[in-house]
Amino acid sequence: MSDGQSSYQPPPVAIHPAAHGHTPHHPYLQHHFDSMAQQMEASTLGMWTFLVTEIMFFGGLFMAYLVYRHQSPLGFQEASHHLDVLWGTANTAILIISSLTMALAVRAAQTSQPRSTQVGYLLATMVLGAAFLGIKAVEYAAKFRDHIVPGPYFEWHGLYPKPAEQFYSLYFAMTGLHALHMVIGLGIMTVITIMAWKKQFDRDYYTPVEVAGLYWHFVDIVWIFLFPLLYLIGRHYHAA
């Protein structure tokens, strides 16, 4: 140059992210989150928001049940008396145990336990869920065999045929919707189990297991309410 000064500029010095206090990017951290903790909080909040909508959904059915039961308490007791309490109790025990195995699966992921441990707890949860659905299928088959499925072929030889049909309409609506959620839960658990088999969960990344566990516990809690409302109200019923 004419002024005798060089135009050379030194190349920029690359500064490692750690120099600014940044932690290395986790492979499962999505680009729109700043940290794994923020990502987990957002995922958990999203699941809780979804579960609130589910509570409102089931809440409408519970309200319908309360209204119709208030109109004919003896009719609902008579209809409930024909449900098999032993099957209902067995399914309640199964779901309570499945909540335990689900919680153990979440804990196994949080503490970076071996793949076999994580997969084992998840598979146990799925087996219990499938057993619940199997018992429900047996109960449904008995209802069809006895012609107490609401519709044109509904038969009732008790004192309260109309309330009985209302009861079984709600029974199939509530337990059927619950069973559908259980089927969806088994699908979710299948995906989570595959991810666990691929060793994707450890103490730094276990959010999918945790949010799946929230869904599973919700389905279990719904049944805890369904069991006494549907099965236990007719335990001491005696026809006049």
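**Loops, helices and burial**

Mentor: Let us begin with Lys 199, which lies in the loop between H5 and helix H6 (207–232). Please bear in mind that this is a predicted model.

Trainee: Is Lys 199 buried or exposed?

Mentor: The relative accessibility of Lys 199 is 60%. The cut-off for an exposed residue is over 50%. Lys 199 therefore counts as exposed.

Trainee: What is the phi of Lys 199?

Mentor: Lys 199 is a residue other than glycine, and its phi is positive. The value is near 60 degrees.

Trainee: In which loop is Ser 112 found, and what is its phi?

Mentor: Ser 112 belongs to the loop between helix H3 (85–110) and helix H4 (115–145). With a relative accessible area of 29%, Ser 112 is partly exposed. Its phi is also positive in a residue other than glycine, near 55 degrees.

Trainee: Which residues does Thr 193 touch, leaving out those up to four places away in sequence?

Mentor: Thr 193 sits in helix H5 (residues 161–197). Its relative accessibility is 9%, so Thr 193 counts as buried, the limit being under 20%. With those sequence neighbours left out, the residues it touches are Val 119, Leu 122, Leu 123 and Met 126.

Trainee: What percentage of the residues of the protein chain count as buried?

Mentor: The protein chain has 240 residues. The buried share is 41%.

Terms used: Residues numbered from 1 in each chain as written. Predicted model: local features only at pLDDT ≥ 70, side-chain atom pairs only at ≥ 80, totals over all residues. Heavy atoms only, no water. Buried < 20%, exposed > 50% of the residue type's maximum accessible area, 1.4 Å probe, protein only. Helix = DSSP H or I, 4+ residues; strand = E, 2+ residues; numbered from the N terminus. Contact = heavy atoms within 4.5 Å.
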